[in-house]
Amino acid sequence: MLAAALLAGCNSLMNAGSIGPNAAIVGKDVSSGPEEHARIVAAYGGIYHDAKLEQNVARIVGRIVAASDQPDQPYRITILNAPAINAFALPGGYLYVTRGLLTLANDSSEVAAVLAHEMAHVTANHAIERQNKARNAVIVSRVVTDVLEDDDGRLALASSQRSLASFSRQQELEADAMGVKTIGRAGYDPFAAARFLATMAAYANYRSASGPTLEKAPDFLASHPSTPQRVEFATKAARQFGAPGIGDRDRDRYLAGIDGVVYGDDPSQGYVRDRTFIHPTLGVGFSVPDGFVIDNTSDAVLATGADGTALRFDAVALVKGADLGQYLASGWVNGLDESSIRRFSVNGMPAASANASAKGWEFRIAIVQAPTGATYRFIFANEEATKGLDHAASLTVSSFQKLDQQALARLRPLSIKIVKARPGDTQATLAAQMRGVNRPQELFRVLNDFDPGAPVPAGTRVKVVTD
């Protein structure tokens, strides 16, 4: 909405299409699979290649397929290079899981529960039913968009389209029941579905405590909310197999399979360390003020501050040596105050800034051109022209810098490391090994499915995030 209010004529990437879990299973026949596969892979940052991880997932899938109602159905398994928590399936045997989900899970039975759930949507023909609803939504949108010009009307329409295209609550519960039945027959712990639903809820709470975020791709947490009803339903389905404690979790082998997997942003797409964004490929970086939370999406870097100030950072196509002030005044900014345009330099790089007001928002815009000619844009917004807005814009833009090769060589991506608890270790001592994450002790507890204050027996293998 911020970009919509501000950008008049530029080709903003903010509105680029993406494939989420509620749009992934499309098409009535198998022929749509290859086309959708390419779109999904592109939307989720490409394919994550790791032989050990691939073997881990293939083993799990093979076991649940053999126990399913369609044991002869072959599956093409793709691990998506995205930190989002997601998994979904396409008719025709296309099965997807993100590395983000794989690093959140604690054992094979939890991954089996998620994948069996997604396979159940295909088996039960939920995808075809949803496709028909989505088609109706498109027809409605073609009529309504010709009438609705106001933002509120368009937002309401977009919301209704998402609702029409999503699985119904009944379909989710049906897929839960089918998934639990499948993993139970496969010999996995049937209570894994309820357990992982609770883990997802804890992870969602951890993320929301850091402030609003915008993932680079829609994730499972949004489309499959871990409601108490679903946890209770999955638990009742599991009790058909017996009391808790039955079934195989395959925990140690699973954890060995995710040891070393990248956690969070892929370094090739830039990544965040505390309050600093770094893009090794582009060789640039900047920091935001205290209290800001950065989110690296596929289209832009977004950040939010405690006072409501928001930031969008992206790249624009300008020729090297272009007049940056003229670019600001070229018509792409609504409500621009041309008298506020200022030309200056940032760490030896040419820059320009300006103020704008549009549709109840105050903006501070800055453009910086690197020595390579690459041009970057900062857009700050707040509903009021607060001191915090000006402070955030000034501090962030002035921190923008070109990183030298030595500094880049010292940077390491975050990854999952499996460590074994020693005698005397606690959640606090193990969490102290975490690097580059917010609230490490809370994240450690979520990643390892520990209750607050629970002991960690010596010899227990746990996940830590480190560089």
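This is a predicted model: local features need pLDDT of at least 70, side-chain atom pairs count only at pLDDT 80 or more; totals for chains, interfaces and linings use all residues.

Biologist: Why is Arg99 called buried?

Modeller: Buried means under 20% relative accessible area, exposed means over 50%, and partly exposed is in between (1.4 Å probe, protein chains only). Arg99 has a relative accessible area of 1%, so it counts as buried. Its place is in helix 5, residues 99–104. "Touches" is a contact, meaning heavy atoms within 4.5 Å.

Biologist: And Arg195, what makes it buried or exposed?

Modeller: Arg195 is at 12% relative accessibility, so it goes down as buried. This residue lies in helix 10 (residues 192–208). Beyond four places away in sequence, Arg195 touches Asp107, Ser109, Glu110, Asp189, Arg249 and Asp449.

Biologist: What does Asp259 count as?

Modeller: Partly exposed, because its relative accessibility is 30%. Asp259 sits in the loop between helix 13 (251–258) and strand 4. Asp259 and Ser415 are 156 residues apart in sequence, yet their C-alpha atoms are 8.1 Å apart in space. Not counting residues up to four places away in sequence, Asp259 touches Lys52, Ile416, Lys417 and Ile418.

Biologist: Across the protein, how many contacts join residues at least 24 apart?

Modeller: Among contacts between residues at least 6 apart in sequence, 66% do. As for burial, 51% of the 467 residues count as buried.

Biologist: What makes a group of residues a nonpolar core?

Modeller: A nonpolar core is a set of buried Ala, Val, Leu, Ile, Met, Phe, Trp, Tyr and Cys residues joined through side-chain atoms within 4.5 Å. The largest here has 66 residues, of which Ile64, Leu115, Tyr263 and Met434 touch the most other members. Apart from that one lies another core, of 25 residues, among them Ala303, Leu389, Ala393 and Phe400.

Biologist: How do you know where the buried residues of helix 12 fall?

Modeller: Those of helix 12 (residues 228–238) are Arg230, Ala234, Ala237 and Ala238. Seen down the helix axis, they fall within an arc of 100°, so they line one face of helix 12. The arc is that of the directions from the helix axis to the C-beta atoms. An α-helix has 3.6 residues a turn, so residues three or four places apart point the same way. The face of helix 12 turned away from the buried side carries the exposed residues Pro228 and Lys236.

Biologist: Why do strand 4 and strand 14 stand at the edges of their sheet?

Modeller: Two strands pair if DSSP finds at least two bridges between them. That open sheet of four strands has the order 4-5-6-14, with antiparallel pairing. Strand 4 (271–273) and strand 14 (401–402) each have a single partner strand, so one side of each is left without a neighbour in the sheet.

Biologist: How many bridges join strand 5 to strand 6?

Modeller: Four, and strand 5 (residues 276–279) and strand 6 (residues 284–287) run antiparallel. Phe277, for instance, has Phe286 in strand 6 as its bridge partner. Helix 15 (residues 387–399) lies across strand 6 and strand 14, at about 150° to strand 6. For that angle, axes are lines fitted to C-alpha atoms, for helices over the stretch in contact, and angles run from 0 to 180 degrees between N-to-C directions.

Terms used
Residues are numbered from 1 along each chain as its sequence is written. Side-chain values use heavy atoms; hydrogens and water are left out. Helices (H or I, at least four residues) and strands (E, at least two) are DSSP runs, numbered from the N terminus.
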